[in-house]
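This report goes through the strands, side-chain pairs and pocket of one model. The structure under discussion is shown here.

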Amino acid sequence: MKKKFFNGGRNAPCPCGSGLKYKKCCMGKREPDPEKLQAEYAKKYRIRIKQAADIKGIKRAGRLAIKTLDMVEPEIRPGLITDEINTLVHEFTLKHGATPAPLNYRGFPKSVCVSVNEVICHGIPGERVLNDGDIVNVDVTTILNGYYADVNKTFFVGTPGPDAKKIVRVAQKSLFKGIAMVKPGNTIGDIGWAIQKYAEKNGCSVVREFVGHGVGFEFHEPPQVPHYGIRGEGIPLIPGMVFTIEPMINLGKKELVILGDKWTAVTKDKSLSAQFEQTLLVTDHGFESLTPYDL
């Protein structure tokens, strides 16, 4: 007897991938065969469903990535140079038998992304000095025994002002709202819808150009996970999918500019931007974070 895992409701997209509502498709029928469904997702979406051994490997990489962030956090202070964060992450990762995924990835020159204030993402560590009242995002991706895990947090530097407090709070809660939508039968669009609804309700904007993504076997895999969208649209979620949710939330408008280094993305209006990220596994009845921290 096949194990049942779909609990998305009558009106949810059918997990077989037909595009029809569950009630119009497989409701009342035999539950989809997991192996057949995995083959369909590989063919139709190029999504590689993770098996038990893969999940264990990603989870180990995730634990190390979280330990790396935990190591960095107490070092965040006014006067710290962003390149010192890179040194901390690089040496800690190598010490624990792992590899920092960003280093030399498509030419990225450092082992971690460090994004300060108006920098949305992909900040290159260098000579920038952290000042009291800044916010700084540290984005860690770890490769351990061939498996990838991706996680980030935005930290306060010294004493935050009201704008800093607001954007960090909204970005953190946006991730929480997105994660809450992860369960079999829901869709990629449900995740983006929940994030966009919350962020815009709080007077902030959602970056469009950068999205979450599949992860585990590679740094970036299908599917893409936009942080905006329409409820019920997009790929239906099934057990074994592993992807990041990493909303980039701006205090001002959503538009961005890429700097001359071809990596650093900044808000066009120079407003603050914050981000939080976790690597998520879709389970039979919901989700498990493979890079867990409190939200």
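## Basis

Strands, as named below, are DSSP runs of type E with at least two residues, numbered from the N terminus. The model is a predicted one.

## Largest pocket

The largest pocket holds about 610 Å³ of space. Its lining comprises 27 residues, and those closest to the pocket centre are His 122, Phe 210, Val 211, His 213 and His 220.

Which strand gives the most to the lining of the largest pocket? That strand is E8, with four residues. E8 covers residues 221–225, and together with E4 and strand E7 (212–214) it belongs to the strands that each supply at least two residues of the lining.

## Sheet E6-E10-E13

Strands E6, E10 and E13 form an open sheet in that order, with antiparallel pairing. E6 (205–206) and E13 (273–275) are the edge strands; each has a single partner strand, so one side of each lacks a neighbour in the sheet. In general, strands of a sheet pair through backbone hydrogen bonds, in either a parallel or an antiparallel sense.

E6 is joined to E10, which spans residues 248–250, by two bridges, and the two strands run antiparallel. Within this sheet, Val 206 is placed opposite Ile 249 of E10.

## Sheet E3-E12-E11

A further open sheet has three strands in the order E3-E12-E11, and its pairing is antiparallel. From one strand to the next, the twist averages 40 degrees.

Two bridges hold E3 against strand E12 (residues 265–267) in the antiparallel sense. Cys 121 stands opposite Ala 265, which lies in E12.

E14 runs over residues 278–282 and is mostly covered, five of its five residues being buried. In a regular strand, side chains alternate between the two faces of the sheet. In E14, Gln 278, Leu 280 and Val 282 point one way, while Thr 279 and Leu 281 point the other way; all of them are buried.

Strand E9 (residues 242–245) pairs with E14 over four bridges in the antiparallel sense. Thr 244 has Thr 279 of E14 as its bridge partner. E14 also pairs with strand E15 (residues 287–289), again antiparallel, over three bridges. Val 282 is opposite Phe 287 in E15. With four residues between them, E14 and E15 make a hairpin.

## Cysteines

How many disulfides does the structure hold? The count is zero. Cys 113 is in no disulfide, since its nearest cysteine sulfur, that of Cys 121, is 7.5 Å away, whereas a disulfide requires two cysteine sulfur atoms within 2.5 Å. Cys 113 has a relative accessibility of 10%, so it counts as buried.

Cys 204 is likewise in no disulfide; the nearest cysteine sulfur is again that of Cys 121, at 17 Å. At 5% relative accessibility, Cys 204 counts as buried.

## Salt bridges

There are six salt bridges in the model. One of them links Arg 128 and Glu 118, with 3.4 Å between the closest N and O atoms. Arg 128 sits in the loop between E3 (119–121) and E4 (135–144), and Glu 118 in the loop between strand E2 (113–116) and E3, so this pair ties together parts that are 10 residues apart in sequence. The relative accessible area of Arg 128 is 34%, which makes this residue partly exposed.

Another salt bridge joins the side chains of Arg 77 and Glu 75, at 3.6 Å from N to O. Arg 77 is partly exposed, at 39% relative accessible area, and Glu 75 counts as partly exposed at 32% relative accessibility. The side chains of Lys 254 and Glu 255 also meet in a salt bridge, at 3.5 Å from N to O. Lys 254 is partly exposed at 33% relative accessibility, and Glu 255 is partly exposed at 35%.

Note on methods: Residues numbered from 1 in each chain as written. Predicted model: local features only at pLDDT ≥ 70, side-chain atom pairs only at ≥ 80, totals over all residues. Heavy atoms only, no water. Pairing = 2+ DSSP bridges. Buried < 20%, exposed > 50% of the residue type's maximum accessible area, 1.4 Å probe, protein only. Salt bridge = Lys/Arg side-chain N within 4 Å of Asp/Glu carboxyl O. Axes fitted to C-alpha atoms, helices over the stretch in contact; angles between N-to-C directions. 1 Å grid on protein atoms, 1.4 Å probe; cavity = no way out; pocket = protein on both sides within 12 Å on 5 of 7 lines; lining within 4 Å. Points joined across faces, edges and corners; volume = space filled by probe spheres on them.
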